[in-house]
Amino acid sequence: MLPEVQEIFGRVAGLERFSQDLAEGLQGTLAIAASSPIANAWLAQAVAEFVRTRPQARISLQSMDSNLIAERLVNEQIDLGVSFSPGGHAAIQSLPLRHAALSCIFPQDHPLAALQAIGIDDLVPYPVITYLPQALLRQHLNAFLKRPLNIQIEVATSMTGIVLAFHGAGVALVESGLLAALPVPSLTHRPLVPEVQVRSHVLWSSLRPQTALSRAFVQHLTAR
């Protein structure tokens with residue numbers, strides 16, 4: 001067989017393998033946006049697990065506000081969203097994933113470390129770090145509070161709150177998934193009681209069909 005013909009057959013075979021990989025969700029690109037506490041914690045772990053078995057896949061993972069996630073899904077700027085909100089748009093479909101709860105995070109030598117769980121009254125003597133008023137998790141917290149706290153610092157992300165707690169600025173009252181995903185030896189956390197709980201959802205647009213890679217990642221998330 002002539003070298004030129006062999007080269008053509010090789011390219012055709014390569015294209016067939018690529019098409020098969022696309023059909024099976026082994027190759028392609030996937031753009032994911034998630035709320036910051038999710039993107040920086042268990043979702044990053046899920047992406048790492050996913051690409052280990054799909055070395056040809058290319059993933060874009062970014063964090064943003066829940067409202068922006070819905071907007072970008074509808075505008076087809078991303079393939080999937082993961083948020084503490086199910087979307088709130090007729091063109092968005094969703095599946096519930098895992099529950100998350102606010103926790104109190106502080107240095108291991110903090111007086112609150114002697115407690116197994118922390119109530120609102122326990123927090124009253126200490127400066128508190130928590131989310132900005134417009135944040136969804138802050139709204140859940142406000143609905144739960146029966147008395148005012150000394151909220152000295154407000155932050156946009158759990159990571160900022162955890163870093164501030166690390167430097168002794170106060171008790172971080174944030175979602176603790178990041179600390180579970182990336183432990184800091186000098187910090188510890190305790191559950192807040194009664195529990196302030198939210199649920200995460202994976203979202204996609206119904207305005208276009210999902211790719212095989214997108215469906216495979218949704219299946220990966222729901223199986224974890």
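I take partly exposed to mean a relative accessible area between the buried limit, under 20%, and the exposed limit, over 50%. I kept that beside me while looking through this predicted model.

Entry one, the count. I looked up the salt bridges and found four in the structure.

Entry two, aspartate 79 and arginine 208. Their side chains form a salt bridge, with N to O at 2.7 Å. Aspartate 79 sits in the loop between helix H4 (66–74) and strand E3 (80–83), and arginine 208 in the loop between strand E9 (197–205) and H9, so the bridge ties together parts 129 residues apart in sequence. I then checked accessibility: arginine 208 is partly exposed at 30%. Aspartate 79 counts as buried because its 19% relative accessibility falls under the 20% cut-off.

Glutamate 49 is partly exposed at 29%, and arginine 224 is partly exposed at 35%.

I placed arginine 147 in the loop between helix H6 (136–144) and strand E6 (151–155), and aspartate 121 in helix H5 (residues 120–123), 26 residues apart. Arginine 147 is partly exposed, with a relative accessible area of 38%. Aspartate 121 is exposed because its relative accessible area is 52%, over the 50% limit.

Definitions and conventions
Residues numbered from 1 in each chain as written. Predicted model: local features only at pLDDT ≥ 70, side-chain atom pairs only at ≥ 80, totals over all residues. Heavy atoms only, no water. Buried < 20%, exposed > 50% of the residue type's maximum accessible area, 1.4 Å probe, protein only. Helix = DSSP H or I, 4+ residues; strand = E, 2+ residues; numbered from the N terminus.
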